[in-house]
Amino acid sequence: MKIQYRLTLIYALLMGLLFNFIGYELYVNFEDYTEDEFYQRLGDRALTTAKIYFEPSVNALRRTEELHKSFQRNRLTDEIFEIYNDSMRVIYTSDSSVSPAFDTTIVRQTLLLGGMEHMAQDRQQYGLAYRVGAKKYAVMVSAHDKYGLSKLKKLREYYFIGMGASIVVMLALGWFFARQALAPIGRIVKTVRQINADNIGVRLPVGRYKDEIDELAMAFNDVLQELEIGYKQRRRFVQMASHELRTPLTAMISNLEVKLSRPRSAEVYEQTLRDTLADAYRMTELANGLLRLAQIEAEAANYNIEAETVEELIEKCRVHWTWEDAENISVKIDVSPKTRIKVKEGLLEIALNNLLANACKYGMGKPVTLSVREVGPNVHFDVKDKGIGVPETDLPCIFDPFYRAGNTTGIQGTGLGLALVKQIAVIHGGNVLATRNSDGVGMRFTLVLPAVGT
Ligand code: ADP
């Protein structure tokens with residue numbers, strides 16, 4: 001069931017219950033009040049009856065006549081009076097056709113308790129004990145509260161009609177409020193439905209009030225922003241990858257087609273095969289680089305984590321150095337022996353060796369230094385060379401996949417090594433920075449990794 005309908009029903013139910021309760025309380029109180037008021041009137045009439053009947057003096061006779069007149073004027077509906085003596089005998093009745101009109105237990109209780117109220121079917125009965133000298137009488141009055149009961153009946157009718165009407169109104173109001181409250185969500189759903197691969201720049205509408213739904217929309221927009229960046233990067237990466245793979249393939253095909261267009265000497269065929277092989281190597285190198293990038297991204301969470309000292313890490317790197325590399329690279333370690341780095345098995349060696357291999361390749365055979373030092377909570381691995389350096393304009397893009405600086409013509413490479421270094425650094429909670437040496441000769445690459453104590 002939609003939230004809008006659920007809210008409507010809950011609202012209508014709660015309000016209905018509240019109104020029902022208030023209406024019921026009002027009705028019950030009014031019913032009590034009507035009943036009490038009628039008993040009071042019966043009580044007054046019982047007293048007047050007693051006075052009329054028991055006043056014997058001549059002076060009082062005038063008074064009782066006046067009383068009697070007003071008494072007759074104010075008769076209640078189906079009113080019956082009876083007076084019983086203490087032997088339970090009727091000594092006066094206003095209607096002999098129904099006498100005795102009162103139950104003996106009621107009369108006895110009146111004599112015993114001094115007064116009593118009783119409801120018999122739709123008639124109210126009132127008893128008053130009246131003392132004349134040593135004798136005690138029960139003056140009983142009963143009547144039908146025609147007006148009170150008809151008022152209560154009307155009130156009941158209004159109550160039920162009101163209840164029905166209020167439920168309809170509550171449902172309408174609840175539906176209106178729920179719709180108002182959920183309208184922003186409806187707008188969000190509508191906008192989200194427009195988002196797809198071709199329309200990833202769409203953002204959710206954020207209201208003026210910065211309420212919970214606006215906060216949700218803002219958080220969702222942040223996620224969309226990240227997704228858009230990632231999606232665009234990926235798309236560019238795929239374009240670049242296909243371009244990079246197509247270049248050696250096209251070169252290979254056109255070379256072969258030209259050479260096959262007419263008969264050639266054995267030397268030409270041999271050279272063609274060598275060129276083709278070189279292109280095939282380059283493609284393999286590219287494919288391997290791409291595979292490695294994809295693998296590391298996909299399996300980052302599955303690598304074992306080990307805490308290694310800097311010496312242990314560098315020893316693992318050394319295993320892959322060629323004899324020339326080892327000759328060229330000097331290592332300086334200025335780190336407490338207790339300091340360790342959390343390493344995802346085998347990955348940091350790849351990153352560090354990529355930086356060192358680049359320093360050797362672009363360093364024109366000049367010495368390369370790897371210096372390690374602690375800076376705050378991090379360990380910095382500085383790889384410095386005195387080679388061709390990266391031109392200032394190329395520096396911002398140097399970590400992008402397939403990017404190669406303008407000064408590398410004639411130097412073999414795929415442009416994937418630094419992208420891999422960056423990816424590995426980020427996976428380890430670190431970063432990699434590229435800076436030109438202060439004297440303008442060569443480069444310094446700094447791999448920054450968080451240190452862990454022992
Ligand atoms: P590759 O070396 O295969 O071209 P990388 O991703 O390792 O790819 O490097 C990207 C680019 O960064 C290189 O093409 C080069 O222009 C530049 N670069 C990397 N390291 C150095 C360095 N030590 N000195 C000068 N340029 C460098």
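Modeller: Glu157 forms a salt bridge with Lys154, with 3.1 Å between the closest N and O atoms.

Colleague: Why is this pair, Glu157 and Lys154, called a salt bridge?

Modeller: The term requires a side-chain nitrogen of Lys or Arg within 4 Å of a carboxyl oxygen of Asp or Glu. The closest N and O atoms of Glu157 and Lys154 are 3.1 Å apart, so the pair qualifies. This is a predicted model, in which local features need pLDDT of at least 70 and side-chain atom pairs count only at pLDDT 80 or more, while totals for chains, interfaces and linings use all residues. Residues are numbered from 1 along each chain as its sequence is written, and side-chain values use heavy atoms, with hydrogens and water left out.

Colleague: How many helical turns separate Glu157 and Lys154?

Modeller: About one, because they are three residues apart in helix H4 (residues 146–194). Helices here are DSSP runs of H or I with at least four residues, and strands are runs of E with at least two, numbered from the N terminus.

Colleague: What are Glu157 and Lys154 called: buried, partly exposed or exposed?

Modeller: Buried means under 20% relative accessible area, exposed means over 50%, and partly exposed is in between (1.4 Å probe, protein chains only). Glu157 has 33% relative accessibility, so it counts as partly exposed. Lys154, at 40%, is also partly exposed.

Colleague: How many salt bridges does the structure hold?

Modeller: There are 14. One of them joins the side chains of Glu297 and Arg234, at 2.7 Å from N to O. That pair links distant parts of the chain, since Glu297 is in helix H6 and Arg234 in helix H5, 63 residues apart. Glu297 is partly exposed at 46% relative accessibility. Salt bridges also link Arg203, Glu228 and Lys232 in a network.

Colleague: What makes Glu306 and Lys316 a salt bridge, and which parts does the pair tie together?

Modeller: Their side chains meet at 3.8 Å, N to O, so the pair passes the salt bridge cut-off. Glu306 lies in strand S6 (residues 305–309) and Lys316 in helix H7 (residues 310–318), so parts ten residues apart in sequence are tied together. Glu306 has a relative accessible area of 29% and is partly exposed; Lys316, with 33%, is partly exposed as well.

Colleague: How is the protein chain divided into domains?

Modeller: Domain 1 covers 3–151, domain 2 covers 212–298 and domain 3 covers 304–453. These bounds come from an automatic or database domain assignment.

Colleague: How do you know that domain 2 is in contact with domain 3?

Modeller: Contact means heavy atoms within 4.5 Å, and 14 residues of domain 2 are in contact with 13 residues of domain 3. The two domains bury about 1200 Å² between them, 72% of it on carbon and sulfur atoms. Buried area is the accessible area (1.4 Å probe) that two parts lose on being put together, summed over both.

Colleague: Which residues form the salt bridge counted between domain 2 and domain 3?

Modeller: The count is one, and the side chains that meet are those of Arg236 and Asp400, at 3.7 Å from N to O. On the side of domain 2 that touches domain 3, helix H5 (212–260) and helix H6 (266–299) are the elements giving two or more residues. H6 gives the most, with nine residues.

Colleague: Why is Asn437 called buried?

Modeller: Its relative accessible area is 9%, so it is buried. Asn437 sits in the loop between strand S11 (431–436) and strand S12 (443–452). Its side chain reaches the backbone oxygen of Asp385 at 2.9 Å.

Colleague: Which residues does a cis peptide bond join?

Modeller: Ser99 and Pro100, with omega about -10°. Pro100 is in the loop between strand S2 (90–93) and helix H3 (104–113).

Notes
Polar contact = N/O pair within 3.5 Å; in protein donor to acceptor, adjacent residues only side chain to side chain.
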